[in-house]
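Reader: Could you walk me through how to read helix packing and chain symmetry in a model like this?

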There are 2 protein chains.
Amino acid sequence: MSEFRLDERLERDSDFLTKIGLCELRLMKDGRWPWLVLVPQRPDVSEVFDLTPLDQTMLTFETVLVTEALKTVTGATKINTGALGNIVRQLHVHVVARSEGDANWPGPVWGHGTAEPRSTEDTKALAARILDALKP
Amino acid sequence: MSEFRLDERLERDSDFLTKIGLCELRLMKDGRWPWLVLVPQRPDVSEVFDLTPLDQTMLTFETVLVTEALKTVTGATKINTGALGNIVRQLHVHVVARSEGDANWPGPVWGHGTAEPRSTEDTKALAARILDALKP
């Protein structure tokens, strides 16, 4: 029986924030947008239908929690969510705060240019605000 | 009290396939990819968190149903799902069959070039296969 192990590319491109019930929550290392990623801690899962029905419901619940927190923290015009996985096959759900005039607005964040680093200070501050907004 | 009314742009850019419990299922008029859209038939909903928790679960259930059907019909390498809404604010969930070497692979379908029409014959055939795969 295999165990959950975070994909190396996701590990490299994002910082760990917290674990929610099913998912690990991570912050993408890209200062262009407040961009979170949820990774269900289950092995060998690529599509949502690979999860059990209970885990599918948990994923929805946790995605909504994170979406609301990100909307509160950023005041974004629109939250973009997506599960693509064309490059990294391990199931991961993107939750991105979008605002009019941001990089590539109103186009998608995926496949647009290259990541721009966020300072350690800014990363810590954003992470703290998101974690605070996630508190019950 | 307002009623559900399909956004005009969604209506123009896609063909009606069927109604599932919560959602209207539509096929995008773009021959580059087999591309479905689920639209929850609820008024004034832009983000998933605008839906009731029951509707959120229904949306997940219906998205998974449609994802599995599209995977069966196309044999795609990966299904891409996403809810962006930067242009059309009415909540709609994209479910797109992606295969290695398709248009813009492994980049996203959103914001890439312009739609290429699919013949009426091909549209009917694809729609029939999807509806067949959705049968219980």
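Reader: Which handedness does the crossing of α2(B) and α3(B) have?

Author: Two packed helices are described by the angle between their axes and the distance between the axes. Here, the crossing of α2(B) and α3(B) is right-handed; a crossing is right-handed if the near helix is turned clockwise from the far one by less than a right angle, and left-handed if anticlockwise. This is a predicted model, where local features need pLDDT of at least 70 and side-chain atom pairs pLDDT 80 or more, while totals for chains, interfaces and linings use all residues. Residues are numbered from 1 along each chain as its sequence is written, chains are lettered from A and ligands numbered from 1 in written order, and side-chain values use heavy atoms, without hydrogens and water.

Reader: At roughly what angle do the axes of α2 and α3 of chain B cross?

Author: Helix α2 (residues 53–74) and helix α3 (residues 120–134) of chain B cross at roughly 125°, and their axes come within 9 Å. Helices are DSSP runs of H or I with at least four residues, and axes are lines fitted to C-alpha atoms over the stretch in contact, with angles from 0 to 180 degrees between N-to-C directions.

Reader: How are chain A and chain B related?

Author: Two copies of a chain are related by a rotation about an axis and a shift along it. In this model, a rotation of 180° with 0.0 Å of shift along its axis superposes chain A on chain B, with RMSD 0.0 Å, by least squares on C-alpha atoms of residues with pLDDT of at least 70 in both. The two copies are thus related as by a two-fold rotation axis. In chain A, the residue closest to that axis is A:Gly82, at 1.9 Å (C-alpha).

Reader: Why do the copies meet through the same surface?

Author: Because 100% of the interface residues of chain A are also interface residues in chain B, where contact means heavy atoms within 4.5 Å.

Terms used:
Helices (H or I, at least four residues) and strands (E, at least two) are DSSP runs, numbered from the N terminus.
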